[in-house]
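Thanks for coming, everyone. Please bring up the model on your screens, and we will walk through it together.

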Amino acid sequence: MKSASGRELIQALRAVASGKNYLSPEVTGAVMTLWEESAPIAELSAHGTLGQTGKGGMKLIAEGHRSAKIASQMGITVATVEAHRRNILRKLKLHSAADLTRYALRHGMITL
């Protein structure tokens with residue numbers, strides 16, 4: 001950055017000379033802000049912690065199916081579907097079915 005101090009310029013030159021990358025604190029802050037705003041709500045591969053039933057339920061929820069239909073398809077009760085829904089959202093650190101749908105789309109679990 002043009003506003004960088006001489007000390008910061010020396011740090012940058014030393015880093016680059018030793019084969020490392022260097023980003024100024026201002027650039028790092030801007031990149032982190034952009035990443036936080038555009039990153040998925042949950043971290044990548046968090047759905048790996050879900051069991052097969054959870055993944056199947058997650059796919060159906062993300063596709064917009066109602067709990068009664070999911071329960072019927074999976075051979076479980078509506079209350080169990082709701083419990084799975086809460087657990088999936090908690091494990092993935094999501095807050096709504098819309099968040100879950102975005103997550104599933106971004107991770108190739110469903111398609112438009």
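Start with Arg85. Arg85 is buried, at a relative accessible area of 18%. Buried means under 20% relative accessible area, exposed means over 50%, and partly exposed lies in between, with a 1.4 Å probe and protein chains only. Arg85 sits in helix H5. Which residues does Arg85 contact, leaving aside neighbours within four places in sequence? Ile61, Ser67 and Ala97. Contact here means heavy atoms within 4.5 Å.

A word on the source. This is a predicted model, where local features need pLDDT of at least 70, side-chain atom pairs count only at pLDDT 80 or more, and totals for chains, interfaces and linings use all residues. Residues are numbered from 1 along each chain as its sequence is written, and side-chain values use heavy atoms, with hydrogens and water left out.

Now the rest of H5. Helices are DSSP runs of H or I with at least four residues, strands are runs of E with at least two, and both are numbered from the N terminus. H5 has 15 residues, which at 1.5 Å a residue should span 21 Å. Its end C-alpha atoms are 21 Å apart, so that agrees. The expected span is 1.5 Å times one less than the number of residues.

Which residues of H5 are buried? Val81, Arg85, Ile88, Leu89 and Leu92. Seen down the axis of H5, these fall within an arc of 95°, so they line one face of the helix. The arc is that of the directions from the helix axis to the C-beta atoms. On the other side of H5, Ala79, Arg86 and Arg90 are exposed.

Glu82 is also in H5. Glu82 is partly exposed, at a relative accessible area of 27%. Take Glu82 and Ala68: they are 14 residues apart in sequence, and 9.7 Å apart in space, C-alpha to C-alpha.

What follows H5? Lys93, with a positive phi near 60°. Lys93 is not a glycine, yet its phi is positive. Lys93 lies in the loop between H5 and H6. Lys93 is exposed, with a relative accessible area of 63%.

On to H6. Its buried residues are Asp99, Leu100, Tyr103 and Ala104. Down the axis of H6, they fall within an arc of 135°, so they too line one face of their helix. Just after H6, Gly108 takes a positive phi of about 70°.

Next, the core. A nonpolar core is a set of buried Ala, Val, Leu, Ile, Met, Phe, Trp, Tyr and Cys residues joined through side-chain atoms within 4.5 Å. The largest one here has 16 residues. Which of them touch the most other members? Met58, Ile88, Leu92, Leu94, Leu100, Tyr103 and Ala104. Helices H3 (52–62), H4 (67–74), H5 (78–92) and H6 (97–106) each give two or more residues to this core. Look at Leu100. Not counting residues up to four places away in sequence, Leu100 touches Met58, Ile61, Ala62, Ile88, Leu89, Leu92 and Leu94.

Now go back to the start of the chain. Helix H1 runs over residues 6–17. The buried residues of H1 are Glu8, Ala12 and Ala15. They fall within an arc of 65° seen down the axis, so they line one face of H1. On the other side, Arg7, Leu9, Leu13, Arg14 and Ala17 are exposed. Gly19 follows H1, with a positive phi near 85°.

How far can we trust all this? pLDDT is the predictor's confidence in each residue, from 0 to 100. The chain averages 78, and 78% of the residues score at least 70. Confidence is highest in H1, at a mean of 88, and lowest in H2 (residues 25–38), at 61. Over residues 38–44, pLDDT stays under 50, and the model has 15 contacts there beyond four places in sequence. Where pLDDT is low, the predicted coordinates should not be read in detail.

Last, the whole chain. It has six helices and zero strands. Of its 112 residues, 28% count as buried. Among contacts with a separation of 6 or more, 53% come from residues 24 or more positions apart.
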